[in-house]
Structure formats: structure tokens, C-alpha cells
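User: I have a structure to go through with you. Let's take it in short questions.

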Amino acid sequence: MKRLESYGLKNVHLEPWGPFGNSWQYKKFYGALVEPNYAPLIGFPLAWTPGTNGPVTGEAILAPIHSQADFAKYKGKLKGKVVLIADPKVIAMHTEAEAHRLTDEEIAARTRIPDPSRMGGFGGAPARGPAPVPVDRNAALKLRNDTSKFLSDEGALVAVNYGTNGDGGTVFATWGGSQDPNDPVPPPMVAITPEHYNRVVRLLQHGMTPKLTFDIETTTYKDNQMGFNVVGEIPGTSKSDEVVMLGGHLDSWQGGTGATDNGTGSSVAIEAIRILTSLHKPMARTVRIALWGGEEEGLLGSKFYVQQHFAPRDTMKLTPEYAKLDAYYNDDSGSGRFRGISANGNLLTKGIFEQWIAPLKDLEITTVIGATAPPTREPGGTDSTSFSWIGLNGYGFMQDPLEYGTRTHHSNMDLYDRVQQGDVMQGAAVEAWFVYNTATRAEMLPRNPTPEPATK
């Protein structure tokens, strides 16, 4: 808020969208294999799980849990144990570079993808290993809660996993428990690098009894559960009631600092705002920045905002603001430079964006994805889809993947060192250009048809 106010923005405020639930922080993590010999473990605690209340040591047991049906296999066997709750991971040698920039051929191929901001692999970067299986979010949350209760009831000392992706010391992991104070509380849970996980499994397979020790300190904050977005404006001139928005999400996961997810996205939006204010060129429409909370838990901040300001999805009863929202521009695919933008399947918008891109060829943004796109049935992936979900213009930029899918996304390596400064500067310049053109254009951008109310 102070930064936005220093740039001269007006109406800078925190806009509540919660309550969210319990906040959580970890303050200490130590993990090690102590028998049959000593080895430190690379990892960190999972969000919304408790600490150990001092150092604890226990024997390891392999008890992979894939569904509620697995609980019966381990009933009565886990008390006081360090429970390995996943099968060992098969790790392939890396034969390709971790970082990647899109080739001309890859960019051309993406022109045939309806919405590049939602495709797998985060802007074109395939994650290592097999393609992920689609997840039923409700079923996953139920399994999480049921597993938490089972492990707690059985007296597990610590539960250990290796996260969702990565190896070589990079740990991709997010939550283990729940922010909802009414959900079951699990035992302490950690994610460690899969090589260390597999080592403990091999010791068990050889008939040994490995022991692990952990010292974890976490704090759950049960007061002040309200979530919020940060909002500020550059007032427009002749069409100040019409609004152009840009933004990114402020929240991140606990493994790193969230530098590329989504520190860079938020910084690009803030820098684009600074550029626009420093030009001192009047814009007909009001430009509004929104930095979202709760994106990582399901686009909570942006979903609430669009339904409060523009239209509830279940009724699609439009507010007066609905007709006045011109566009929202989003950055949430890592630190890579902008290489294209989705026109959300609107060929009229595609033509407009191509005109705007033409002067920027030297900045390497070259492509507008304009293939016919199906309506957004459910928001997902990033905050721009909260807008397209109710028929508004929510645009996402296609970015060079760099190391997003292989090194930083939700990992312990999502740190400032992985930010590519020149790429972020290019993104800010491009986003400022798109916002400026939108805010000064004679007419609002074309829209796709407004969807019907959602059916259960």
C-alpha cells in the first residue's frame, strides 16, 4: 500500500474477501536420519501441520496411503513411528537443461491452444516425470482430512512424503493440513527430497530399522482470520467510470519466499503502474491494480472480488460495474519474459492485440493466441480465469517457462536468485503498454458472450 501511494495512486485500500481460516507459519525445521548412520534431510514442514514440541526420534515405517481403503492395512502399526506415506519415487537422470526458452516453433504451436495460461507445465515447461493425473479437488481434500484423522488417531509421530515433483534437493510441496479450524489436525508432516526418502525406504527393504529425528516448530494463528486484496487506482479522465485492471497474487507457499510465484507477477503489475504514473499521460479510463490473496488455495481473493463487484456466478445477476470493466491483465507464470497473450478466442480482440504487439517485436513478444476457446466452466490456474468465468475479459500472458516447472513452482528454490531481472523488466513494459492502450482506446475491447447462471 505504501509503495502504491508513493506513486500517487488514489483509493489505495485493503479489501476483505475472507474469512480465510487459520494462518500458519513454521519457525524451525531440523530433520535427520540417525540410525544406522547419520545423514541430514533436505525438506520443510507442510502447511497447517503442527510442530513436534521439541526433538523427537522414531523408527521409520513404510505405509503408502493412496485412498481411504489403505487405512485398514496399517491400523495399530503406526504409533510412535515416522510414517513414510508414499511409494518410493523412481528418479530419472536429467538429460535436458532445467531452464528453457520457447522456440519459434513452440510459440507457433501454442497459437492452436485455446488458453495458454491454463495449459499444463506452466507456460510451456513440462514438469519432470509422467504427466499429472487430473485431480478431483473435493476428493483430494476429503482424502487429506481423512488421512489427517487416521494418522493422528493412530499416534503417528511424524508423517513424511517427498512432495509433488522435483529431485536433486528441490522439494515441491504445499499443504498437509487445513486452514479450516473445523478440519482434523494431522501429526507433524514434512516433505523431503526424494533421494533421501528413497534411501530410508531401501534401508527398510534390506531388513534394517532406520530411525529419524525431527525438531519442528510451527505456529497456527487462530485470530484475525480475514483475508484481503490490495487495491489502488489511477483515476481516469473522460471515462473514469470505465476500468482497466491488472494484477497478480501476493500469497505464496512456505518452501521458499514465493519470488517467482508470484513475487514477480505482483512486481510486474506494480512496476507497470509506476511506468504509467511516471509518464504523466492522461488515460481516459481508470486503471486499477489488484494484488490478490488466497490464490494458492483456490483463487479465493479474485473469485470473491469478481462476484461481489460484477456478478455472482450462480445467478449472473449483473451489477452496474459489470458493463464498465474493460479488461483485466494477469501475470502468474514465473519470471520469464512475455512472448504472447491469449485473446480468449475472440478474433476481434486478436486483431487489436496484433496491432498493439507490432511495435514491440524487438521485445520478443510476437504472438496472439486467438483460436476459438471454450467458456471457462470453472476458474482455475490463475486469477484471470475468475474474470473469464463470469464473461469478463481476463487475459493471461504466455511466458518463457525458464525453470518454473523444473525448479521454482511451489518449491524450496522459489527464491530471489531464480528471478531473471531483464525478463521481469520486459514484462512490466509490455503490461504497461497493453494497459495504456486499453485505457486510452476509443471503445472498450470486445467481449465474449455473458454466460448463463451456473447450474449445480
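User: Is Phe353 buried or exposed?
Analyst: This is a predicted model, so the value is computed from predicted coordinates. Phe353 has 0% relative accessibility. Buried means under 20%. Phe353 therefore counts as buried.

User: How do the rings of Phe353 and Tyr395 pair?
Analyst: Their centres are 5.0 Å apart, with the planes at 75°. Planes over 60 degrees apart fall in one class. So the pair is edge-to-face.

User: Which elements hold Phe353 and Tyr395, and how many residues apart are they?
Analyst: Phe353 sits in helix α8, and Tyr395 in strand β16. The pair links distant parts of the chain. The separation is 42 residues.

User: Which aromatic cluster includes Phe353 and Tyr395?
Analyst: Both belong to one cluster. Trp356 and Phe434 are also among its members.

User: What is the orientation of α8 to α11?
Analyst: The axes come within 11 Å and cross at roughly 125°. That angle lies between the roughly perpendicular range, 65 to 115, and the roughly antiparallel one, over 145. So α8 is oblique to α11.

User: Which residues of α8 and α11 make the contact?
Analyst: By class, the contact has five nonpolar, two polar and no charged residues. From α8 come Phe353, Trp356 and Ile357. From α11 come Trp433, Phe434, Asn437 and Thr438.

User: How are the rings of Phe310 and Phe387 arranged?
Analyst: Phe310 is buried at 1% relative accessibility, and Phe387 is buried at 0%. Their ring centres are 6.2 Å apart and the planes are at 50°, so the pair is tilted.

Conventions:
Residues are numbered from 1 along each chain as its sequence is written. This is a predicted model: local features need pLDDT of at least 70, side-chain atom pairs count only at pLDDT 80 or more; totals for chains, interfaces and linings use all residues. Side-chain values use heavy atoms; hydrogens and water are left out. Axes are lines fitted to C-alpha atoms, for helices over the stretch in contact, and angles run from 0 to 180 degrees between N-to-C directions. Helices (H or I, at least four residues) and strands (E, at least two) are DSSP runs, numbered from the N terminus. Angles under 35 degrees count as roughly parallel, over 145 as roughly antiparallel, 65 to 115 as roughly perpendicular and the rest as oblique. Contact means heavy atoms within 4.5 Å. Ala, Val, Leu, Ile, Met, Phe, Trp, Tyr, Cys and Pro count as nonpolar, Asp, Glu, Lys and Arg as charged, and the others, Gly among them, as polar. Rings of Phe, Tyr and Trp (its six-membered ring) pair if their centres lie within 6.5 Å; planes under 30 degrees apart count as stacked, over 60 as edge-to-face and the rest as tilted. Buried means under 20% relative accessible area, exposed over 50%, partly exposed in between (1.4 Å probe, protein chains only).
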